[in-house]
Amino acid sequence: MNTRTTATAPGRTASPRAAGADDPPGHGRQPPAGGDGPAVAALVLGVTGLLTSVVFVGGLLGVLGLVLGVVALGAGRRTGVGRGKAVAGLVTSCIAIVLSVLMAFFMVWYADNTQECYRPDTFRQYTQCVHEQLTGN
């Protein structure tokens with residue numbers, strides 16, 4: 001009598017069926033990994049750009065997020081992965097760019113209108129001068 005045993009790795013069974021072949025969708029199987037890296041990067045850059053648009057860094061991050069969002073949207077059309085994140089990255093990046101540009105215009109306007117107030121002796125004099133310059137009194 002010639003019996004042969006098959007060695008299997010610990011924790012595995014010697015089953016002829018493939019693991020997860022008959023499982024219902026969403027149970028035990030994970031979607032393919034990767035593919036939405038540029039979309040996630042665009043979203044992160046867009047949100048970070050929104051948070052930093054007050055200090056002008058947001059405009060640069062918004063431009064990078066915009067480029068990655070367009071790339072991710074193109075890849076999402078082909079693969080169907082990450083389109084929502086790509087669109088969210090595009091929207092947040094565009095808003096970050098607009099806010100940075102508006103902030104830059106505001107800073108230039110403010111500096112132009114308060115130019116005479118830059119060498120006060122005290123902070124109180126500075127605030128009084130700025131108030132006079134902006135209200136026209």
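A disulfide is a pair of cysteine sulfur atoms within 2.5 Å. With that cut-off in hand, let us look at this predicted model, which holds one disulfide.

**The cysteines**

Cys117 and Cys129 are the partners, with their sulfur atoms 1.9 Å apart. The link of Cys117 and Cys129 is left-handed, with -75° about the S-S bond. Cys117 sits in the loop between helix 3 (83-113) and helix 4 (123-135), while Cys129 belongs to helix 4, so the bond ties together parts that are 12 residues apart in sequence. Are Cys117 and Cys129 buried or exposed? Both are buried. Cys94 counts as partly exposed, because its relative accessibility is 37%.

Two packed helices are described by the angle between their axes and the distance between the axes. Here is how that looks for one pair:

| Helix pair | Axis distance | Crossing angle |
|---|---|---|
| Helix 1 (residues 37-52) and helix 2 (residues 57-79) | within 8 Å | roughly 160° |

Angles over 145 degrees count as roughly antiparallel, and helix 1 and helix 2 are therefore roughly antiparallel to each other. Their crossing is left-handed.

Which residues in helix 1 and helix 2 meet? On the helix 1 side they are Pro38, Ala39, Ala41, Ala42, Leu45, Thr48, Gly49 and Thr52. Helix 2 brings Val57, Gly58, Leu61, Leu64, Gly65, Leu68, Gly69 and Ala72 to the contact.

Definitions and conventions: Residues are numbered from 1 along each chain as its sequence is written. This is a predicted model: local features need pLDDT of at least 70, side-chain atom pairs count only at pLDDT 80 or more; totals for chains, interfaces and linings use all residues. Side-chain values use heavy atoms; hydrogens and water are left out. Axes are lines fitted to C-alpha atoms, for helices over the stretch in contact, and angles run from 0 to 180 degrees between N-to-C directions. Helices (H or I, at least four residues) and strands (E, at least two) are DSSP runs, numbered from the N terminus. Angles under 35 degrees count as roughly parallel, over 145 as roughly antiparallel, 65 to 115 as roughly perpendicular and the rest as oblique. A crossing is left-handed if the near helix is turned anticlockwise from the far one by less than a right angle, and right-handed if clockwise. Contact means heavy atoms within 4.5 Å. Buried means under 20% relative accessible area, exposed over 50%, partly exposed in between (1.4 Å probe, protein chains only).
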